Amino acid sequence: MMIKVGILGYGTVGKGVVHLIEERCSDIEIKHILVRSKEECLDDHFTVDFDVLLEDIDVLMEMIVGDSPTYETIVRALSKGIHVITSNKVTVAAHLQEYIDLATKNHVQFRFEASVGGGIPWIESCIKAKRVDQIHSIKGILNGTTNYILDRMAKEKIDFDVCLQEAKRLGYAEADPSADIDGFDVQRKIMISSSLAYESIIPFEEYDCISLRKIKLVDLEFFSKKGYTIKYIGFSKTKGNQMYGSVEPVLIRNDSLFASVDKNNNMIELYGDSIGYLQFVGQGAGQLPTANAMIQDLLDIVEHKVNKIEFDKKLNMDKTMCKFTYVFCANQYQFDDEIIKNKIEVDGRRIATSKPITPEERNEYLNCIMQLDKTCVCLRKEED
Ligand SMILES: NC(=O)c1ccc[n+]([C@@H]2O[C@H](COP(=O)([O-])OP(=O)(O)OC[C@H]3O[C@@H](n4cnc5c(N)ncnc54)[C@H](OP(=O)(O)O)[C@@H]3O)[C@@H](O)[C@H]2O)c1
């Protein structure tokens, strides 16, 4: 049977999806493509009318940016009994529970493989791992732009701002790169992943989020000599009914697989109680990898494959649940505090290592330092 698809968002990913459907999916018909203006309508598949977009289709493939008119359109589609596939983490993170409930009520699917890790089949694998195991932790390089910046800084000895400009020129970073470099993109991706893995939704705003903006080349070089690479990591961990989640720069040992993830690639890892560590590496963004993940979702719908997604556990975000060693780097702050275990000064940068402290203690300490010295960077030291 021919499956009829509506395309919302004919940009980078949307064009990739249309290309792959036309080239590789003979039993799928692109019925409508919604664009902003009549001038963009190339033939009578194109429309500017949301009512027409949702007419006589089986699946809506949503690839616009942000939550409006995304939310309204997804709700309308699911309510009409249309399956929905999206790559848009902003809308997934904001309404995941509502979308899943609405899809279940209307006997259709809401799928979002491409919203985390681009082309990496992570969401599917996470749901599968959870069928057998209790998942205890997730860790990931989930943003290609920041990984590209850190990789170039380390390899070519270039400072953050220069790498950011280069990332913008190559189209890896947006004109306003805040979602990438301040961590909001990863915050949503780790929230979506954790919700699936732990079967409990905790709003993404509750995850600690430390910006990468203040990282300096001198910091990377200092830790490189000590055997560490800095990576921007989304992380979450559970203990009983508690969980902790964060986005922050982390010191990773140079011999770890995470340290070897280069360019704009992504890597995601989970730990399950019988499977142990499972790791996934690949292109976390890009036109065809992301479109590929959308097509995988589409083919699963065509083949009537249904994933069981539940959020019936109640976990609380607990920022005192675990202790970590944190390293603080700053230009002026003296670090003469009880919380600090040792400190040194290198090339005008003061570097201080904390005793094991909770994320809550770290947050309070970092807030105090930032009022006195805005150059401060905080790095979590990965447990050895
Ligand atoms: N690019 C990637 O590698 C990647 C990877 C994973 C996930 N994603 C996600 O996929 C989604 C699309 O990303 P993208 O890179 O393809 O973005 P994009 O190139 O900016 O494409 C988005 C398209 O949607 C159109 N659009 C936005 N609002 C619209 C509206 N109200 N009505 C009609 N058209 C509208 C835009 O038109 P205008 O240009 O006129 O605004 C643009 O053509 C985003 O949610 C993104 O986070 C992207």
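Trainee: Why are helices α5 and α9 called roughly parallel to each other?

Mentor: The axes of α5 (residues 122-132) and α9 (residues 184-198) cross at roughly 25° and come within 8 Å. Angles under 35 degrees count as roughly parallel, over 145 as roughly antiparallel, 65 to 115 as roughly perpendicular, and the rest as oblique. The angle therefore places α5 and α9 in the roughly parallel class. An axis here is a line fitted to C-alpha atoms, for helices over the stretch in contact, and angles run from 0 to 180 degrees between N-to-C directions. The helices themselves are DSSP runs (H or I, at least four residues; strands are E, at least two), numbered from the N terminus.

Trainee: On what kind of model do these values rest?

Mentor: The model is predicted, and local features need pLDDT of at least 70, side-chain atom pairs count only at pLDDT 80 or more, and totals for chains, interfaces and linings use all residues. Residues are numbered from 1 along each chain as its sequence is written, and side-chain values use heavy atoms, with hydrogens and water left out.

Trainee: Which residues of α5 and α9 meet, and what is the handedness of the crossing?

Mentor: Trp122, Ile123, Cys126, Ile127 and Lys130 of α5 are in contact (heavy atoms within 4.5 Å) with Ile192, Ser193, Leu196 and Ala197 of α9. By class, these residues are 7 nonpolar, 1 polar and 1 charged. Ala, Val, Leu, Ile, Met, Phe, Trp, Tyr, Cys and Pro count as nonpolar, Asp, Glu, Lys and Arg as charged, and the others, Gly among them, as polar. The crossing of α5 and α9 is right-handed, a term used if the near helix is turned clockwise from the far one by less than a right angle, whereas anticlockwise gives left-handed.

Trainee: What makes α6 oblique to α7?

Mentor: Helix α6 (residues 144-156) packs against helix α7 (residues 160-169) at an angle of about 130°, and their axes are 9 Å apart. That angle makes the pair oblique. The crossing of α6 and α7 is right-handed. Thr145, Tyr148, Ile149, Arg152 and Met153 of α6 meet Phe160, Cys163, Leu164, Glu166 and Ala167 of α7. Their classes are 7 nonpolar, 1 polar and 2 charged.

Trainee: How is α3 oriented relative to α4?

Mentor: The axes of α3 and α4 cross at roughly 15° and come within 10 Å. The angle therefore makes α3 roughly parallel to α4. Here too the crossing is right-handed. From α3, the contact involves Thr70, Tyr71, Ile74, Val75, Leu78 and Ser79, and from α4, Thr91, His95, Glu98, Tyr99, Leu102 and Ala103. The contact of α3 with α4 has 7 nonpolar, 4 polar and 1 charged residues.

Trainee: Why is Asn88 called buried, whereas Glu156 counts as partly exposed?

Mentor: Buried means under 20% relative accessible area, exposed over 50%, and partly exposed in between (1.4 Å probe, protein chains only). Asn88 has a relative accessible area of 4% and is therefore buried. Asn88 lies in the loop between β5 (83-86) and α4 (89-105). Beyond residues up to four places away in sequence, Asn88 touches Glu62, Ile64, Val65, Gly66, Thr70 and Ser115. Glu156, in helix α6, has 45% relative accessibility and so counts as partly exposed.

Trainee: Which residues touch the most other members of the largest nonpolar core?

Mentor: A nonpolar core is a set of buried Ala, Val, Leu, Ile, Met, Phe, Trp, Tyr and Cys residues joined through side-chain atoms within 4.5 Å. In the largest, of 102 residues, Phe110, Phe112, Trp122, Phe223, Phe328 and Phe335 touch the most other members. A second, separate core of 25 residues includes Ile7, Ile28, Met63 and Ala293.
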